[in-house]
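Dear colleague,

Please find the structure below, followed by a short account of what was found in it.

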Amino acid sequence: MTTERQGPASAPAPAPDAGPALVGIVLVSHSERVAEAVAELAHELAAGGPVAPVAAAGGTPLGGLGTSAERIVAAAREVDRGAGVALLADLGSSVLTVKALLMEDELPAGSALLDAPFVEGAVAAVVTASTGAPLAAVTAAAEEAYTYRKA
């Protein structure tokens, strides 16, 4: 189940020189290092052409474990290219924080919380978004990652 925000953008539209209109990806984790590592992995695996914008929003402003609404909003605005923003969250309160931000219209229009595994879903989302696919296809690819079998 995807939670999505449809209303007007809470931030100005991206500048015309911000790059192609690709879906942006935000990785929300309780750990800054985990969010950054997964963002780096997904970015590297999608390389070979234009890569969708990816931002990590992990940890607290003081460097501890936790979730920061301010970091999530800043990351979403950073990756917003006008084609939507897909947010993947790791655990409990990060999911609740993203849901609250969506309900409070704090995220750019077209932002969606994806119901997907954090690492596999992030890779699938970034690879798919990098092809220029719309938010619905990025969502489907990330959510399909639940079916990946390892044995």
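Which residues does Val 138 touch, not counting residues up to four places away in sequence? Val 138 touches Val 23, Ile 25, Ala 86, Leu 114, Ala 125, Thr 128, Ala 129 and Ala 133, where contact means heavy atoms within 4.5 Å.

This is a predicted model, in which local features need pLDDT of at least 70 and side-chain atom pairs count only at pLDDT 80 or more, while totals for chains, interfaces and linings use all residues. Residues are numbered from 1 along each chain as its sequence is written, and side-chain values use heavy atoms, with hydrogens and water left out.

Val 138 is among the residues with the most contacts inside the largest nonpolar core, which has 25 residues. A nonpolar core is a set of buried Ala, Val, Leu, Ile, Met, Phe, Trp, Tyr and Cys residues joined through side-chain atoms within 4.5 Å; buried means under 20% relative accessible area (1.4 Å probe, protein chains only). The elements that give two or more residues to this core include β2, β4 and α4, and α4 gives the most, with six residues. Helices (H or I, at least four residues) and strands (E, at least two) are DSSP runs, numbered from the N terminus. A second, separate core of 17 residues includes Ala 57 and Ala 89.

Strand β4 (residues 85-89) is largely enclosed by the rest of the structure, because five of its five residues are buried. Val 85, Leu 87 and Ala 89 point one way from β4, and Ala 86 and Leu 88 the other way. Strand β2 (residues 24-29) pairs with β4 in the parallel sense over five bridges; pairing requires at least two DSSP bridges.

With kind regards

Conventions. Buried means under 20% relative accessible area, exposed over 50%, partly exposed in between (1.4 Å probe, protein chains only).
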